[in-house]
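Here is a short report for a reader meeting this structure for the first time. Look at the sequence and the model, then read on.

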Amino acid sequence: MKAFKNIKSLNLEELKTWLKSFEEKPYRAEQIQNWLFVNQVRSTAEMVNLPASILSKLDESFYLHSLSESQKHTSTDGTIKWLFKTHDSFYIETVMIPTNGRYSVCVSTQVGCAMGCTFCRTAKMGFLRNLEAGEILEQIIRVNWHLEDSNSLSREGLAAKVTNIIFMGMGEPLNNLDNVHRTCSILHQQKLFNMGKKRMTISTSGIVPKIKELVDRNTPCCLAVSLNSSNNQQRSSVMPVNDVWPIEALLEATDEYTRRTGNYVTFEFVLIKNITCTKEAAKELVRICAPRRCKVNAIALNDGDNNSLQTPSEIEIEAFLEIVRAAKIQITMRTPRGRDIFAACGQLAHKQGKESC
Ligand code: SF4
């Protein structure tokens, strides 16, 4: 069996194989998953219908939890950012964004990132390692624990739980597709998290072959693509991935995604003063979007570490939006959340990827 460290990384069949290796009954696998993902237990002592023999094997073989809370920051707008420490002393960040009784969680999929987008603080860490599915799921479970402990309420006035997952924290999710696919599959299972595929969004910088693989695997999720510019020269200047898969190749992949899944694609567009937030850029965006089933999420650049990139003024943003809206393109201007705690888009990074010994 693959050497996962976190018990939550295993799917049902793998749990059954593990149980079989010490002659335990396969039905125990469902019981374990129920404790992990439905009851979301905090210790093995809570798993009361499992025999001590299984619990001691579990403790010997896996971490029940492999993240620990290192820091927690709450924004004035209610957004919370956690810094979690992994079992091997790396740091990752997770952000919860509450909106009218809905709780969206932006999860990390890697420690650092190899993609080098110039507007993103995570890029400065470089790539350190992939996260296991169990480590991605644990971020969501830990946010659920916070909601439970703080007696938060859903829109219906019931005990709150995470309602939406966005794979847009640290890392390029499609560079860790095995674990991201595994995570989405567990979240989607009715008996476990029962998370509908419209409530999970994978956001990619544009890894073209992996977009195709996502369709082949039928991963239960929606797709967002960081477009950020509509011409190759400009896009390459902020996103090196564009040198490998330019806009034409990217659009071919997203068209195939739409054709084969029936879902539209969301294009993310960071508005950067004098670069992507100009009238010419708006017209180019219209040229791309007009013939396609898509929508655009625009967001103004957040202050990062790159002083050469600036946030556009409100007047410049309005001028951009006016051109796009006049062409009847569906565009939403996202309100930045958690800016004061560096939890907004492009602001996630830990100064040291790994704790020094
Ligand atoms: S924007 Fe996303 S893909 Fe680009 S460097 Fe940052 S984390 Fe990686």
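Keep in mind that the model is predicted.

## Two domains

The protein splits into two parts. Domain 1 covers residues 7-61, and domain 2 covers residues 67-341. Their centres, taken over C-alpha atoms, are 33 Å apart. Domain 1 brings 12 residues to the contact, and domain 2 brings 16 residues.

How much area is buried between domain 1 and domain 2? The value is about 1300 Å². Carbon and sulfur atoms give 49% of that area.

Which helix gives the largest share of the side of domain 1 that touches domain 2? Helix H2, residues 27-38, does, with four residues. By class, that side of domain 1 has five nonpolar, four polar and three charged residues.

## Salt bridges

Four salt bridges are found across the interface of domain 1 and domain 2. The whole structure has 19 salt bridges. Two examples from the model are set out below.

| Salt bridge | Closest N and O atoms |
|---|---|
| Glu138 with Lys8 | 3.5 Å |
| Arg182 with Glu14 | 2.5 Å |

The pair of Arg182 and Glu14 has its closest N and O atoms 2.5 Å apart. Arg182 sits in helix H5 (residues 177-188), while Glu14 sits in helix H1 (residues 12-20), so this pair ties together parts that lie 168 residues apart in sequence.

Definitions and conventions:
Residues numbered from 1 in each chain as written. Predicted model: local features only at pLDDT ≥ 70, side-chain atom pairs only at ≥ 80, totals over all residues. Heavy atoms only, no water. Domains from an automatic or database assignment. Contact = heavy atoms within 4.5 Å. Buried area = accessible area lost by both parts, 1.4 Å probe. Salt bridge = Lys/Arg side-chain N within 4 Å of Asp/Glu carboxyl O. Helix = DSSP H or I, 4+ residues; strand = E, 2+ residues; numbered from the N terminus. Nonpolar A, V, L, I, M, F, W, Y, C, P; charged D, E, K, R; others polar.
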